[in-house]
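Please look through the model below before reading my points. Keep it open, and find each residue as I name it.

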Amino acid sequence: MMTQQRRLRHLQTRSAWTTHLRLMEMPMWVRWSSMRNMVYATRFPSRAFPPAGRAARHFDQMVCVGEAGRKAIEQLMHDTYRPLVTQDRPCPKGECPKTPAGCPCVRPDGDPGLPAGYIVRRVIRVEDSEMWVRYAQRREAIRRRRRHRLPLRGFEPEPFTSQVVDTTPDSFDPLEKDLNEVYLWHGTRVRGGLAIAQNDFCLDMSGSGAGGMLGSGIYCAESCTKADEYAKDEPGGYYDGIFAMLLCRVCMGSMFYTTKRDSDAEEGIKEGTYDSTLGDRAKYHRTFREFVVYDSDQLYPEYLVLYSRAHRDDDLDSLREQSAMKPLHMQLPAYWHNCHQNPTTDSFGVQYWVRGATRKLLQHLVTGSFSPLGVPVPEILDARRIEFSRMWSDYVDFRRRKQLKVLERGSKCIEVNEVDAKKDDHAVTHCVMQELDAEDAVSLENLDGSVNEILLWHGTTPELAEKICRGYGFQAADGAGIQSFKFGKGTYLAEDISSCLNFCTEDAEGAKCVLLCRAVCGDVFYTEAEEE
């Protein structure tokens, strides 16, 4: 922790949270949520979902996965890759019609050819209790229906995903193999994958990408190469060159097996004879097997994988090493409700009351960044997350300009913890966040250290806090609440929340408002003078 408080003048900030505090010695406020009393007769995944989520019994969040989880997914993609092409892979040049066995441009020896591999850029775990409960209930319904035939006839051969899943228990929970439960890939766009993670699959769109070869269902694959045929990037947009796959837990149950095109395959499922379809195009056509379910509750999108393609002339190992050193930053934080939107074209401005687990996490951050001894630590009464497209876009544009300057000069900004030659002196908020499992609420993964992007506190009046969070931005304050411009006119932030409270005024209920902000500090001018 820091021994000396630093005050930083920042050129651009983004309000991430509005936090209401009341100073008191004993907790006095208790708020109950009916959602927290929901009781489910099912078991949540013990490894994929966090303990806090299981205890609360209700959660809906997306979490950026750490390096160990990213490597597990990367290994799974490596092991399920097959150098095969079908007519469903579109021509990358947009010149060739649909061609059996793929057009010349996508064949392994073509230009640019079939991707030789995939570089995992970001992995997001989907933790949605309601979606999971629907899946678990559907799986249990299949078990009851097929109870006299268990174990069901399985896969021959085992799906490509099985070996990695079975040997990586830290990332994948055990499967109910007697019901043919399996992990499978589903190719999509980045925003499409985020929307599915938020709202589940939409059967109205099912089969549109695959042509409905086996009816109107949700198509999955054991090979990431097959799923990649339906994945798309965002040319000219934020996710240009970035593709997406969902890694889904799928309960296939009793499977209708076919080696041919059968658009009426769904009829056997409607009649109750089968639960899904396995289209085996690998047996006679030497391509891929396709796995189809016709109920969105029959699969759970557990991971969203964002990746880029590598071709035969690329150094795949070098690209993977570079990706591991500099992960992809999401356009919007994964835990935002609007994370699937494009803030440059989709306008939104909303505030969300945070759930109890997030409020507890923020309380830990307040406690860890409150330095006075012998003084009661402020208690959070409630907190809101601010999602405002225009304010966020302005912030990201500023950050991008700073990133470009860093690239042009070939060296990153001197880190905040190094400006005073104390290299172990990270910002207090950063130190506290590193000790917390907070990726589902305040993501350090999405902060860019090369431009000194960190989390800092800003104290102000309740009125100005509301104006800032309604989209007026920090220009709404225009110096209000600052007793003196010690370091020039600007937005004053601090790592120690106690210094912010001096600039706060109480509302009618005696509470104070503090903003927890993302801030791009860039190149920091350091001084120990009281005024400069």
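1. **Terms for helices.** Helices (H or I, at least four residues) and strands (E, at least two) are DSSP runs, numbered from the N terminus. The expected span of a helix is 1.5 Å times one less than its number of residues. Helix α2 covers residues 67-80, and its 14 residues should span 20 Å at 1.5 Å a residue. Its end C-alpha atoms are 20 Å apart, so the two values agree.

2. **What kind of model this is.** This is a predicted model, in which local features need pLDDT of at least 70, side-chain atom pairs count only at pLDDT 80 or more, and totals for chains, interfaces and linings use all residues. Residues are numbered from 1 along each chain as its sequence is written, and side-chain values use heavy atoms, with hydrogens and water left out.

3. **The whole chain.** The chain has 14 helices and 16 strands. Of its 532 residues, 55% are buried. Buried means under 20% relative accessible area, exposed over 50%, and partly exposed in between (1.4 Å probe, protein chains only). The chain exposes about 24500 Å², an area from the Shrake-Rupley method with a 1.4 Å probe. Carbon and sulfur atoms supply 50% of that area.

4. **Contacts along the chain.** Contact means heavy atoms within 4.5 Å. Take the contacts in the chain with a separation of 6 or more: residues 24 or more positions apart account for 79% of them.

5. **Arg-70 in α2.** Is Arg-70 buried or exposed? Arg-70 counts as buried because its relative accessibility is 8%. Arg-70 sits in helix α2. Other buried residues of this helix include Gly-69, Ala-72, Ile-73 and Leu-76. Leaving aside neighbours within four places in sequence, Arg-70 is in contact with Val-65, Val-120, Val-123 and Ala-324. Val-120 is 50 residues away along the chain, yet the two C-alpha atoms are separated by 7.3 Å.

6. Helix α10 (residues 356-368) has 13 residues and reaches 18 Å from its first C-alpha to its last, close to the 18 Å expected. Among its buried residues are Leu-361, Leu-362, Leu-365 and Val-366. Helix α11 (residues 389-409) has 21 residues and reaches 30 Å, close to the 30 Å expected. Its buried residues include Trp-392, Tyr-395, Phe-398 and also Arg-399 and Lys-402. Just after α11, Gly-410 takes a positive phi of about 80°.

7. **Cis peptide bonds.** Check two proline sites. A cis peptide bond joins Asp-111 and Pro-112, with omega about 5°. Pro-112 lies in the loop between α2 and β4 (117-128). The bond from Glu-156 to Pro-157 is also cis, with omega near 0°. Pro-157 is in the loop between α3 (129-145) and α4 (162-166).

8. Asn-180 is not a glycine, but its phi is positive, about 60°. Asn-180 lies in the loop between α4 and β5. It is buried because its relative accessible area is 2%. Arg-286 also has a positive phi, near 55°. Its place is the loop between α8 and β10 (289-293). Arg-286 is exposed because its relative accessible area is 67%.

9. **Ala-282 in α8.** Ala-282 is in helix α8 (residues 282-285). It counts as partly exposed because its relative accessible area is 27%. Not counting residues up to four places away in sequence, Ala-282 touches Thr-287, Phe-288 and Arg-289. The C-alpha atoms of Ala-282 and Thr-259 are separated by 8.2 Å, and these residues are 23 apart along the chain.

10. **Cavities.** On a 1 Å grid over the protein atoms alone, a cavity is a set of points where a 1.4 Å probe fits but cannot get out; lining residues have an atom within 4 Å of a point. A volume is the space filled by probe spheres set on the points, which are joined across faces, edges and corners. How many cavities of 30 Å³ or more does the structure hold? It holds three. The largest cavity has a volume of about 50 Å³. β5 (181-188), β6 (218-221) and α6 (224-228) each give two or more residues to its lining. That lining includes Trp-185, Tyr-219, Lys-226 and Glu-290.

Methods:
1 Å grid on protein atoms, 1.4 Å probe; cavity = no way out; pocket = protein on both sides within 12 Å on 5 of 7 lines; lining within 4 Å.
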